[in-house]
Amino acid sequence: MAYEDLREWIAALDRAGEIKRIRTEADPILEIAEIADRVSKSRYGKDKALGGPALLFQNVKGYPGSQLLINQFGSASRMKLALGVDSLDEIAERIRAFMAVKSPQGFLDKVKMLPMLAEMGKFFPKNVATGLCKEVIKRHNFSLLDFPVLQCWPKDAAKFITLPCVVTRDPKTGKRNVGMYRMQVYDAASTGMHWQRQKVAAEHYRQRLRDAATRNELGNSAAVDVMARTSGGSRLDGEMPAGKMDVAVAIGTDPAVTFSAIVPAPPDVEEYLIAGFLRQKPVELVKCETVDLEVPATSEIVLEGYVNLDELRTEGPFGDHTGFYSLDDQYPVFHLTCVTHRKDPIYATTIVGKPPMEDAWMGKAVERIFLPLMKLTIPELVDINLPIEGVFHNLMIVSIRKSYPGQARKVMNSIWSLGQAMFTKCIIVVDEDCNVQDLAEVTLKALNHIDPERDIQFTLGPVDSLDHASRLANYGSKMGIDATRKWPTEGFSRPWPEEILMDSKTKALVDSKWKALAKELGIE
Ligand SMILES: Cc1cc2nc3c(=O)[nH]c(=O)nc-3n(C[C@H](O)[C@H](O)[C@H](O)COP(=O)(O)O)c2cc1C
Ligand SMILES: [Mn+2]
C-alpha cells in the first residue's frame with residue numbers, strides 16, 4: 001500500500017482518525033512547538049497510546065491560507081501506518097526473505113526466484129517528465145519567508161526547516177543520497193546546511209573539495225587540509241578551493257521517502273531505492289530546474305540551489321533531540337536558485353526536544369528494520385533495544401547467544417564499527433535469556449552480573465556531533481558493559497548462581513486457584 005504523496009497520506013491519517021485540524025490561530029514562533037510538544041507527550045485514541053494525533057495547522061499566524069503538518073510519524077501506530085504494515089517486523093521479515101535467497105540449484109529453483117526478481121524491479125525509482133511539484137515554478141523573486149517555518153525553542157538561533165529531504169550526488173559514482181539535515185533560515189534565499197561530518201552528504205562535499213583542490217593545483221596538503229576543516233568545529237583560515245556543489249531539498253514527500261531520509265543506510269544505497277522497497281512501488285522523480293538532481297515528483301515544496309566549497313557560516317544553537325541545545329558550529333551555506341511547489345503547498349515539519357517526541361518513533365522503526373541487517377555482521381545478535389530516553393546514540397542494549405570467551409566485547413566492537421552505530425556512547429551486552437525490551441529485567445540482570453572494573457570496556461573514537469560532554473566536538477570515549485554470565489574460560493572461577501524460577505508443577509497448582517484467590521485478596 002503506497003501513498004502517492006503527502007496528501008494521500010493525510011487522507012489515510014484521516015480515515016484512521018489519526019489527525020486533527022487546528023483552526024484557531026497559532027504562531028510559528030514557539031507556540032506551535034509548545035503545542036506539538038504537549039501533544040507528543042499525551043495519550044490518544046482508543047488504546048490511549050503515547051504520542052497524540054498528527055496535527056494540521058490551518059491558521060498559522062502571519063501565513064494566511066497556508067497549512068502546516070506536524071507529528072505525522074508521532075506514535076507507534078502512525079509509524080506503522082506510514083510504512084503500510086501492521087507490525088514493523090513485517091518489514092524486517094521482507095528483508096530477511098531477500099537475504100535468505102540461496103543460489104538456485106536447477107531450472108525449477110530459478111523459476112521460483114522470478115517473482116522475487118519481479119518484486120525487486122518495483123523498487124527502482126522512475127524518472128517522469130513532470131509532476132505536481134512543478135505547479136508553481138519560481139526562478140526569481142522566491143522567498144523562504146513565504147513558508148511557515150518554525151522557531152522551535154526560545155534560544156534557537158533562528159527559524160529552522162526541520163523535516164527536509166536533502167538530495168546530493170556522489171561525484172564519483174553519480175549516485176544520489178537523501179539525508180535529513182536541518183536547515184537554519186538565514187534570509188529569503190539562504191540557509192545553513194547541517195550535515196554532520198560523518199554523514200553521506202558531508203562526504204560528497206569533501207569529495208568535491210578534494211577534486212577542486214586537485215584541479216586548482218593547490219597541492220596535496222590543501223586537499224588533505226580541507227578534510228579536517230569542513231563541517232564541524234573548524235574555521236576557514238587557509239586557502240580553500242573555489243567551486244560549488246548542487247543541492248536540492250524536498251519538503252512534504254510521501255512518508256516512505258521522508259522516512260528513508262533518516263535511515264542510516266550504507267552510503268552507496270540510494271534512499272530512493274529504500275523508499276521504493278518500503279512502499280513496494282517506484283518513487284517517481286522529476287529533474288530539477290536549475291541543478292543536476294532529481295526530486296520526488298509529488299513533493300509539496302522543492303528548494304534548489306548550491307553550497308559554495310569555500311564558505312562556512314555559524315549554524316545553531318538549536319534545541320535538539322538530546323533535550324539540550326546543540327552548540328553553534330561552522331557548516332556550509334545553502335544558496336537557493338529556484339523554488340518550485342504545488343498549489344497551496346502543505347509545509348511538513350517536526351520539532352525535536354526532550355523525548356518522547358516524533359523522532360522517537362522514527363528511531364524505533366529504524367531499530368526494528370535494521371535488526372536483520374545487523375545480524376548479517378553480528379550473527380550472534382538476538383535482539384536490540386535503543387531506549388527512547390537514550391536518544392539513540394547514547395544507549396544500546398543488546399542480547400547475544402554467547403558461544404566463546406570474550407564474545408560480548410567482540411559484539412561491542414562490531415557495533416562501534418557499523419555505520420552510524422559507531423556513535424553509541426554506551427552498549428550493554430546481556431545473554432539471550434534477558435529480554436532487552438524489559439528495562440526492569442535488564443537493570444536487575446545487568447547490574448547483578450557485573451564486576452564494574454573488570455566488565456567495562458572503554459574505547460575512543462568518533463562520537464555524535466550532538467554530544468556536548470565529549471572532550472572534543474565529534475571525538476571522545478565510549479563504553480561497553482559486558483553483562484553476560486562470566487565463564488571459567490574468561491577467568492571466572494567462582495560458581496555462577498542459578499536464576500530463581502518456580503517449578504512448573506507448583507505454578508500449575510497455583511494457576512488453578514489464582515482467579516479465586518486474587519479476587520479474595522482484591523488484587524489484579
Ligand atoms: C528530525 C530529524 C532531524 C535530523 N537532523 C539532522 C541534522 O541536522 N544533521 C545530521 O547530520 N543528521 C540529522 N538527522 C539524522 C540523519 O537524518 C540520519 O543520520 C541519516 O541517516 C543521514 O542520512 P545519510 O546517512 O544519508 O547521511 C536528523 C534526523 C531526524 C529524524
Ligand atoms: Mn544515505
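## Terms and model

Ala, Val, Leu, Ile, Met, Phe, Trp, Tyr, Cys and Pro count here as nonpolar, Asp, Glu, Lys and Arg as charged, and the others, Gly among them, as polar. This is a predicted model: local features need pLDDT of at least 70, side-chain atom pairs need pLDDT 80 or more, and totals for chains, interfaces and linings use all residues. Residues are numbered from 1 along each chain as its sequence is written, chains are lettered from A and ligands numbered from 1 in the order written, and side-chain values use heavy atoms, without hydrogens or water.

## Ligand 1

Of the 18 residues around the ligand, Asn177, Met180, Tyr181, His194 and Gln420 come nearest. The shell divides into eight nonpolar, seven polar and three charged residues. Strand E10 (residues 176-179) gives the most, with three residues; strands (E, at least two residues) are DSSP runs numbered from the N terminus.

Polar contacts are pairs of N or O atoms within 3.5 Å. A polar side-chain atom of Tyr181 lies 2.7 Å from a ligand oxygen. For Glu271, a polar side-chain atom is 3.2 Å from an oxygen atom of ligand 1. Gln196 uses a backbone N or O atom, 3.1 Å from a ligand oxygen.

## Largest cavity

A cavity is a set of points, on a 1 Å grid over the protein atoms alone, where a 1.4 Å probe fits but cannot get out; lining residues have an atom within 4 Å of a point. The lining of the largest cavity includes Glu4, Asp254, Arg279 and Glu284. It divides into four nonpolar, two polar and four charged residues.

Notes
On a 1 Å grid over the protein atoms alone, a cavity is a set of points where a 1.4 Å probe fits but cannot get out, and a pocket is an open set with protein on both sides within 12 Å along at least five of seven lines; lining residues have an atom within 4 Å of a point. A residue is near a molecule or strand if one of its heavy atoms lies within 4 Å of it. A polar contact is a pair of N or O atoms within 3.5 Å; within protein, one must be able to donate a hydrogen and the other to accept it, and residues adjacent in sequence count only if both atoms are side-chain atoms. Helices (H or I, at least four residues) and strands (E, at least two) are DSSP runs, numbered from the N terminus.
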